[in-house]
Amino acid sequence: QTTGLVGLAVAENPHERLRILYTKILGVLQNIPKDAAYRKYTEQIVNERFDLVKKETDVQKLQDKLNSGQIEEVIVQAENELSLARKMVQWKPWEPLVEEPPSDQWRWPI
Amino acid sequence: TVRPKNEVEQKQLCAFGEYVAEILPKYIQQVQVTCFNELELLIHPDGIIPVLTFLRDHTNAQFKSLADLTAIDVPSRQYRFEIVYNLLSLRFNSRIRVKTYTDELTPVDSAVSVHKAANWYEREVWDMYGVFFANHPDLRRILTDYGFEGHPFRKDFPLSGYVEV
């Protein structure tokens, strides 16, 4: 029983871990205004994956359905998404543009 | 011969560019797709760390690999240096370019907290152009000689330098 990837140990009970992570992500997303695009799209992705995890109990078939590499990689990705959501709450990237560039800044050729 | 145009990939990149621009309107000033199917995001310098962490961590955009970090010098502009980050996504096999601007005296946030690979690249940009990176763990010269004065890659630095060898 091995993941085949260096440094990633086999996860026992991946469904439980994914369930916890996805509920935490959805909880963090509640702190973002409802009309922010980040909240919309991330909720869509997380709900899709959460439904697949809830329906499919066999690990191999779940990996094939998610089509995103090993289950351990999916767990790592969910942890990354959770830390990103927490940082997004602080950065608030849905607000309008901070500052317009000077008019010749992005002109190419000069 | 001319490279055949790949319309499908162009459309996919346009769609992804609009997706990212919709999620991060605070920092992204412009999005463009070149004719060679290369996606470029033009960013305000305050948004380097948010945009790079988003591109690294988000599920739809796992750009875990920083392929390159460079700068270009256009002396006629108000913000003469343009910092360029090239990212690669191994999961989705696609590349993206993130560009920011700064002038000679304004520091820029270091990308080392997001990608460890940025360490020596930022040292090179500091050495060659003089762009200061705030929160860099160890910003010192990397390619020029020990007592070298000046920043060689700037456009106003002469080809054979100031010191006779």
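**Exercise 1.** State how much area is buried between chain B and chain A in this predicted model, and which residues of chain B lose the most.

*Solution.* The size of an interface is often expressed as the accessible area lost when the parts come together. Here, about 3,000 Å² is buried between chain B and chain A, and carbon and sulfur atoms give 58% of this area. On the side of chain B, the residues that lose the most area to chain A are Lys26(B), Asp57(B) and Arg77(B), together 22% of what that side buries. The contact involves 35 residues from chain A and 35 residues from chain B.

**Exercise 2.** Determine how many salt bridges join chain B and chain A, and examine the pair Glu95(A) and Lys26(B).

*Solution.* The count between the two chains is 3 salt bridges. For Glu95(A) and Lys26(B), the closest N and O atoms are 3.3 Å apart. The cut-off is 4 Å, so this pair forms a salt bridge.

**Exercise 3.** Classify the ring pair of Tyr22(A) and Phe50(A), and decide whether each residue is buried or exposed.

*Solution.* A pair of aromatic rings is described by the distance of the centres and the angle of the planes.

1. The centres of the rings of Tyr22(A) and Phe50(A) are 5.9 Å apart, and the planes stand at 50 degrees, so the pair is tilted.
2. Tyr22(A) belongs to helix H1 of chain A and Phe50(A) to helix H2 of chain A, so the pair ties together parts 28 residues apart in sequence.
3. Buried means under 20% relative accessible area. Tyr22(A), at 3%, is therefore buried, and Phe50(A), at 9%, is buried as well.

Note on methods: Residues numbered from 1 in each chain as written. Chains lettered and ligands numbered in written order. Predicted model: local features only at pLDDT ≥ 70, side-chain atom pairs only at ≥ 80, totals over all residues. Heavy atoms only, no water. Contact = heavy atoms within 4.5 Å. Buried area = accessible area lost by both parts, 1.4 Å probe. Salt bridge = Lys/Arg side-chain N within 4 Å of Asp/Glu carboxyl O. Phe/Tyr/Trp six-rings, centres within 6.5 Å; stacked < 30°, edge-to-face > 60°. Helix = DSSP H or I, 4+ residues; strand = E, 2+ residues; numbered from the N terminus. Buried < 20%, exposed > 50% of the residue type's maximum accessible area, 1.4 Å probe, protein only.
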